Amino acid sequence: MIRQTARTLSNKMLILSEADVTRCFPVSAAIEANRKALASLRKNEDGGAMVPTRIGLPYYAPNNNVGESSTAASTASTSTSPADWSLFKPAAYYPPQQQTNDDEILMGIKLVSIRANNPSKFNKPTVPATTMLINAETGEVSAIVAATYLTAARTAAGSALATEMSLCSRGKIKDGLTLVVFGAGLQAELHIKSIQHIANVTNLVIVNRSL
């Protein structure tokens, strides 16, 4: 859907907000997209997917100790391990030559950051993310997609597929399942919805630090 819209806009860049993505990409779509993406990964690289190693940039929180010299403060702020990171994750899909459908070459990169102080200090997500799609033929950016929800949905979809495979190996389960979730954030919410989509969950237990 996003790729088709981006093509129709020609030279215009498509920009989708978190609200746009949440509205048009339910967990059912995330699970099926993830199923197809995982199938494109092969050890002998014949699946069409290329996922290079991600690049990480550390973020050192500013040292706010009053009275320290700028040199001492700078040394202190960079001498400890960073608590936060910004991760750049490129990926591409090249349709296998033997494939007969009309799949196109896809290219993109996701920027996902970890900022532990975001919820308490800025009332923002701990793991904000943005995806940028690239027109493989021209090399131009064709779309910028808010990807905080998308990241959580993709992770939860992977867990749902793993759960589906595990359940298949156990045969038919007559009674409903109990799902235990640690945490109560966006990841927890989407894991619950995704696993409920593929399994009969009749009991839900949420373990969290606060109500």
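Which residues have the most contacts inside the largest nonpolar core? The legends below, drawn from a predicted model, begin with that core.

**View 1. The largest nonpolar core has 25 residues.** Leu 179, Leu 190, Ile 195 and Ala 199 are the members with the most contacts inside the core. Several elements, β1 (14-16), α3, β7 (141-146), α6, β8 (177-182) and α7, each supply at least two of its residues. Helix α6 gives the most, with eight residues.

**View 2. Leu 190 touches Val 27 and a set of residues that includes Tyr 149.**

**View 3. Helix α3 (residues 27-39) packs against helix α7 (residues 186-198).** The angle between them is about 75°, and their axes are 9 Å apart. Angles of 65 to 115 degrees count as roughly perpendicular, and α3 and α7 are therefore roughly perpendicular to each other. From α3, the contact uses Val 27, Ser 28 and Ile 31. From α7, it uses Leu 190, Lys 193, Ser 194, His 197 and Ile 198. By type, the residues of this contact are four nonpolar, three polar and one charged.

**View 4. Tyr 149 sits in helix α6.** Its relative accessible area is 9%. Buried means under 20%, so Tyr 149 is buried. Leaving out residues up to four places away in sequence, Tyr 149 touches Glu 18, Val 21, Thr 22, Phe 25, Pro 26, Val 27, Leu 186 and Leu 190. A polar atom of the Tyr 149 side chain lies 2.7 Å from the backbone oxygen of Phe 25. Ala 19 is 130 residues away from Tyr 149 along the chain, yet their C-alpha atoms are separated by 9.0 Å.

**View 5. Thr 151 is also found in helix α6 (residues 148-168).** Thr 151 is buried, with a relative accessible area of 13%. Its contacts are Lys 110, Ala 129 and Gln 187, leaving aside neighbours within four places in sequence.

**View 6. Asn 123 lies in the loop between α5 (118-122) and β6 (129-134).** Is Asn 123 buried or exposed? Exposed means over 50% relative accessible area. Asn 123 has 71% relative accessibility, so this residue counts as exposed. Its phi is near 55°, a positive value in a residue other than glycine.

How values were computed: Residues are numbered from 1 along each chain as its sequence is written. This is a predicted model: local features need pLDDT of at least 70, side-chain atom pairs count only at pLDDT 80 or more; totals for chains, interfaces and linings use all residues. Side-chain values use heavy atoms; hydrogens and water are left out. Axes are lines fitted to C-alpha atoms, for helices over the stretch in contact, and angles run from 0 to 180 degrees between N-to-C directions. Helices (H or I, at least four residues) and strands (E, at least two) are DSSP runs, numbered from the N terminus. Angles under 35 degrees count as roughly parallel, over 145 as roughly antiparallel, 65 to 115 as roughly perpendicular and the rest as oblique. Contact means heavy atoms within 4.5 Å. Ala, Val, Leu, Ile, Met, Phe, Trp, Tyr, Cys and Pro count as nonpolar, Asp, Glu, Lys and Arg as charged, and the others, Gly among them, as polar. Buried means under 20% relative accessible area, exposed over 50%, partly exposed in between (1.4 Å probe, protein chains only). A nonpolar core is a set of buried Ala, Val, Leu, Ile, Met, Phe, Trp, Tyr and Cys residues joined through side-chain atoms within 4.5 Å. A polar contact is a pair of N or O atoms within 3.5 Å; within protein, one must be able to donate a hydrogen and the other to accept it, and residues adjacent in sequence count only if both atoms are side-chain atoms.
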